[in-house]
Amino acid sequence: MASVARVLLDSPLPQLDRLFDYTVPDRLSPIALPGVRVKVPLRSAGRMVEGWLIELGDPEPGGRPLSELAEVVSAVPLLPQRLYELARSVADRAAGSASDVLRLAVPKRMVRAEKAWLAAPAPPAPVVSPDAAERAAALLGAYPGLTDAVTAGERLAVDAPPTPSAGGLRGAWADLLAAIAAHTLAAGRSTLIVVPDHRDQSQVLDALGALLPDDAVVRDDARRSGPERFTSYLRMLHEVPCVVVGNRSTVYAPAHDVGAVVVWDDGDPLLAEPLSPGVHARDAALVRQGAEGSALVFAGHTRTTDVERLVQIGWVRDVPAARRPSPRVVLSATHEAESRGARVPSSAFAAAREALPHGPVLVQVARPGYSPVLVCAECRTPARCRHCSGPLRARRAGAVPDCGWCGRSAPGWSCANCSATSFRMASSGSERTADELGRAFPGVRVIVADGDHPVASVDGRPALVIATRGAEPPAEGGYRAIILLDGDRMLMAEQLRIGESCLRWWSNAAVLAAPGAPVHLVGVTGPVARALATWTQPAYARAELADRLPLQMPPTVRVASVEGTATAVDKAVAELREALPDIPPSAVLGPVPQGEGVVRALIRVDYAHGRSLAEQLRASVVAAAVSGRRRGPRAPARTTLRVRLDVPELDL
């Protein structure tokens, strides 16, 4: 009796997110193995789709005739069973499709790279030298119990050391992550290190290079070419341990015998996957740890409320440092004798003047550009574009304003409120701040670091570094002073997690200071400022959780966003209420219009109902997709239901 291949189709259609049975012809039976990529017919012999051969089995007795596998795309099993099971679990948790997860995890096949991999011998097992093991043990020894906890496969929350390394061009946090990887590799197991961006990745790779041989480290990120990414993926398929360093998709890396997964700075929005099913790297790591039993470490200079909730319920254990130094934070405010509109108070200005002869000074600002916001000079009404109503901005002093949305210039602008034709600059971006401080400190180098002017690092010579939040380059030996501007404006953003985000931005900048150097936070008071000044970020996260609990706001509850036509959303909500009668009426918010005939409803449930919520919403998505399919060869596709769980940011 011929064997049956159970295939997961690579299709975005939710109704096809299951295994389909196909018979294996004799010509393909030697290479039709679990994990290979195949082509199969769908509905008709003329329509072929690709998919993954998940498993082989026997045909069901009395079943209808099955179609045959058409082709094996590659005889190399690129999909290990453990990766498929992880993708299936992650997709089920997020009411998504396993094929969407695998599309993120498995890079595009490169034939030449595959042939070279087949011809090359297996890499040797990496060896951790006794000296490297000793240095790693010394770094881990700063956190009592951390070594044993990693070995035992526990879930941990670690507050990283807020100091630069000996050279100053990487943080001590990178050395700590490298020490965890070296300890795990010495035990013969792999480590996955997930970081938000390439700058964090560079620091970790630098720290790993000081402890481990080059062949033990695998770089995994989208900045590499297609052949390089595929070669790295093939390297991970070998039954040889390694250390994988990359961005959010690295959490799915199929490394051999993973002993530790480390997620750095999980509050960074870059770790939130924008593509369907939109699973945050933190949540995917939790699912993976539950399936494989590896250690899971959440490390950062701040503590997100998501991780703090897990600490509070005992699911994640807090591992504090035996001695934790902190930056010297000064809360600076404008004195009464100074102008109320003074942007840099005298104390911060004096700190910069005293520090500049000894090295670089960092000034953090909120926004890039010259003047991101313009207002009417007479009535202070925000200047808007006459075409799209977007905000007008100035790219330099005396320039004609242009729109931040559509890019059109506005040479003949007039105020819609008072008809005045003159405007004033209501804000200062990185370039305008550089101009102002350059005039205040003549003869000093001025370096702008933002999205348009990326700077990897700066040397130890005197310089003013004007950087937007998150773009601050490390300095050799650390900055001699740091001034954090526009804090009050950052806190005014209408976002649920703006306090968390500001504390993370300021903390990540503060750790770039040289030992003992002052860090001036300008014009901010309240809980966020106190948490930065006392370096008690976990306490702030606990207070935030306590405030959100009675309001039923995330992460104290799971939140699902349901978008589609009003009929589809109403039907999905009604079916959910019927399937989960324990959900109170207040759990559903909306639906509210989103434009172009689309509405959105938010559903809040406690974590005990999370699995049932995902299953029911997935059933609604499939039902809506089937009912909205095309009725003819040229008929337009009808709007389907879109669901996303654990929305990373909610508009208030």
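**Exercise 1.** In this predicted model, H4 passes H6 in a left-handed crossing. Determine how the two helices are oriented to each other and which residues make the contact.

*Solution.*
Step 1. Helix H4 spans residues 130–140 and helix H6 spans residues 172–186; they pack at an angle of about 125 degrees, and their axes are 9 Å apart.
Step 2. Angles over 145 degrees count as roughly antiparallel and those of 65 to 115 as roughly perpendicular. H4 and H6 are therefore oblique to each other.
Step 3. H4 contributes Ala136, Leu139 and Leu140 to the contact, while H6 contributes Asp175, Leu176, Ala179, Ile180, Ala182 and His183.
Step 4. Sorted by class, these residues are 7 nonpolar, 1 polar and 1 charged.

**Exercise 2.** Classify the orientation of H14 and H16, and describe their contact by residue class.

*Solution.*
Step 1. The axes of helix H14 (residues 498–510) and helix H16 (residues 537–548) lie 11 Å apart, at an angle of about 170 degrees.
Step 2. Since angles over 145 degrees count as roughly antiparallel, H14 and H16 are roughly antiparallel to each other.
Step 3. Gly499, Glu500, Leu503 and Ser507 of H14 meet Gln537, Tyr540 and Arg548 of H16.
Step 4. The contact comprises 2 nonpolar, 3 polar and 2 charged residues.

**Exercise 3.** Locate Arg343 and decide whether Arg343 is buried, partly exposed or exposed.

*Solution.*
Step 1. Arg343 belongs to the loop between strand S13 (328–332) and helix H11 (346–355).
Step 2. Buried means under 20% relative accessible area and exposed means over 50%. With a value of 22%, Arg343 is therefore partly exposed.
Step 3. Beyond its neighbours within four places in sequence, Arg343 is in contact with Val365, Ser428, Thr433, Glu436, Leu485, Asp486 and Val522.

Notes: Residues numbered from 1 in each chain as written. Predicted model: local features only at pLDDT ≥ 70, side-chain atom pairs only at ≥ 80, totals over all residues. Heavy atoms only, no water. Helix = DSSP H or I, 4+ residues; strand = E, 2+ residues; numbered from the N terminus. Buried < 20%, exposed > 50% of the residue type's maximum accessible area, 1.4 Å probe, protein only. Contact = heavy atoms within 4.5 Å. Axes fitted to C-alpha atoms, helices over the stretch in contact; angles between N-to-C directions. Parallel < 35°, antiparallel > 145°, perpendicular 65-115°, else oblique. Nonpolar A, V, L, I, M, F, W, Y, C, P; charged D, E, K, R; others polar. Left-handed = near helix turned anticlockwise from the far one by under 90°.
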